[in-house]
Amino acid sequence: MNKLMLPITYVLLLLMIQTDDKSFSSYASPAGGNVRLKLIHSQAYAPKSNYDQMKRIRELVHSDILRRGIMFSKHHQSTRRKVWEKPRRRTNCSDISIGMPISSGRDYGTGQYFVEVNVGTPPQKMLLIADTGSELTWMNCKRHGRRRGFQSTRSSTFKTVPCSSRTCKIDFMDLFSLARCPTPSTPCSYDYRYSDGSGALGIFARETVTAEITNEKGRATKVEDVVVGCTLTLQGQGFQGADGVLGLAYSNYSFATRASHTFGGTFSYCLVDHLSHKYLSNYLTFGYAGATSHSGLLSRMHYTKLDLASLIPFYAVNVEGISINGELLKIPSLIWAADRGGGTIIDSGTSLTILTELAYRPVVGALGEALSKRLERTKLDGGGPLEYCYNSTNPWSRFEDSWVPRLAFHFSDGARFEPPVRSYVIDAAPGVKCLGFLSATWPGVSVIGNIIQQKHVWEFNLVQGVLGYAPSTCASG
């Protein structure tokens, strides 16, 4: 397990069931339906002034750098990691999915995706940060300001894990369980420490999550026996606006793998533009019939192998190189080799795309050379955290996507990912566009962040170990 700093990136809003009885007419077993969750980017309430926009960019960059450092320092320290047992594809679940609506969270004043999750029996609505790099799902169980917190005593399905159990002593070690156990029945406790100084201390339990079946309006189903944390002490400012975290990493105990076990071993999401308002949404979906169920999308899907063993609990991909306008850049191959100190992951919790220095320099150099022929290079006020920025408001020329060379990630099995220009040339301040890449030291892991993932469907098939992707407007239908 990696103690992750929660970044200022996307907020996932997983819209499930209202807590009143009128929300859904009935509950259903997983047979014959889909369930989706809504994803929301968290910066929609942020003021639009020049100062505030640059402040958000600085915070975003700071969070991304801290997040990457803590993720991979903990990864290399871990010696207890077990390879997760893949779910078996159930023939009777091939047409079943659950889902939660997804939209940009800019209207919530932070950079994450928030997920509105209904936890417990009867369901209590929790606003959680969705994170593909976090293994543990936890909720705040104590009132903080206006947030009421999860009330475990009101849930008939909340079952604590005893500290004397093997589960606490051994299985939850990677989730940072504590050794203290004053009595055999005392709940197993945890102490999460994040790289920004934030922390969450609480107890482990198993709970039920209720979600909407996507193609059966008014019906819902339950994901039972979900490992959750009930946080009793919250420290720092890393969880502003949220009730906790929805763990979506590749792990025995994450919500992603638990839901995937139930719904065919696949989950998917489609990230709307990170500057979109919350009323523009799509879905986080669990189930084989999720992302590719939309008409015409299946024929446009590209597939590449997911490396689920090298950088656990992260979703690694085998990058072979990066091209600009079809020409591969001169980047040493060891940059992409996880067994040689490198590798690449795809991460919904990191905003910008982070490349180690030997890949970063060729990429920004080629893009920057082309942009400098059209735009005046500038700097953000106060220096700013992004290196390559340009004045895009010259009276004699408006910025055009056609000025920017086309970037593509090439995977070792021949697949290629070509993001839209506006996913790697980003608005950093009014009238200023910057290359959306950060440099990291070598050796180290590169990260394909969520801004460059936007306007695409991403499907994680944990049974076959395959990542599917296709261009999409990400507008919900």
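## Starting with a disulfide

Which cysteine forms a disulfide with Cys270? The partner is Cys474, and the two sulfur atoms sit 2.0 Å apart. Keep in mind as you look around that this is a predicted model.

Cys270 belongs to strand S14 (residues 266-270), while Cys474 comes in the segment after strand S31 (466-471), so this bond ties together parts of the chain that are 204 residues apart in sequence. The torsion about the S-S bond is about -75°, so the disulfide of Cys270 and Cys474 is left-handed. Both ends are tucked away: Cys270 is buried at 1% relative accessibility, and Cys474 is buried at 0%.

## The other disulfides

Search the whole structure and you'll find five disulfides. If you number the bonded cysteines of the protein chain in sequence order, they pair up as 1-6, 2-4, 3-5, 7-10 and 8-9.

One of the five joins Cys141 to Cys230, with 2.0 Å between the sulfur atoms. This pair links distant parts of the chain, 89 residues apart: Cys141 is in the loop between strand S8 (137-140) and strand S9 (159-160), and Cys230 is in strand S12 (residues 219-235). Their link is left-handed, with -135° about the S-S bond. Cys141 has a relative accessible area of 16% and counts as buried; Cys230 is buried too, at 2%.

Then there's the disulfide of Cys163 and Cys181, whose sulfur atoms are 1.9 Å apart. Here the partners are 18 residues apart, with Cys163 in the loop between S9 and helix H2 (166-171) and Cys181 in the loop between H2 and strand S10 (189-193). This one is right-handed, because the torsion about its S-S bond is about 70°. Is Cys181 buried or partly exposed? At 30% relative accessibility, Cys181 counts as partly exposed, whereas Cys163 is buried at 3%.

Now have a look at strand S7, which covers residues 124-131. Seven of its eight residues are buried, so the strand is largely enclosed by the rest of the structure.

Which strands does S7 pair with? Among the facing residues, Val119 has Gln124 in S7 as its bridge partner. S6 and S7 make a hairpin with four residues between them, and in the turn Gly120 has a positive phi of about 90°. Another is strand S13 (residues 244-247), which pairs with S7 in the parallel sense over four bridges. In that pairing, Ala130 stands opposite Leu246 in S13.

## Helix H4 and what it packs against

Helix H4 takes up residues 357-372, which makes 16 residues. From its first C-alpha to its last it reaches 21 Å, close to the 22 Å expected at 1.5 Å a residue.

Which residues of H4 are buried? They are Ala359, Tyr360, Val363, Val364, Leu367, Gly368, Ala370 and Leu371. Look down the helix axis and these buried residues fall within an arc of 160°, so they line one face of H4.

That buried set packs against several strands. They are S18 (319-324), S21 (353-356), S23 (389-391), S24 (407-411), S27 (432-435) and S28 (437-440).

Conventions: Residues numbered from 1 in each chain as written. Predicted model: local features only at pLDDT ≥ 70, side-chain atom pairs only at ≥ 80, totals over all residues. Heavy atoms only, no water. Buried < 20%, exposed > 50% of the residue type's maximum accessible area, 1.4 Å probe, protein only. Helix = DSSP H or I, 4+ residues; strand = E, 2+ residues; numbered from the N terminus. Pairing = 2+ DSSP bridges. Disulfide = S-S within 2.5 Å. Expected span 1.5 Å × (residues − 1). Arc of directions from axis to C-beta. Contact = heavy atoms within 4.5 Å.
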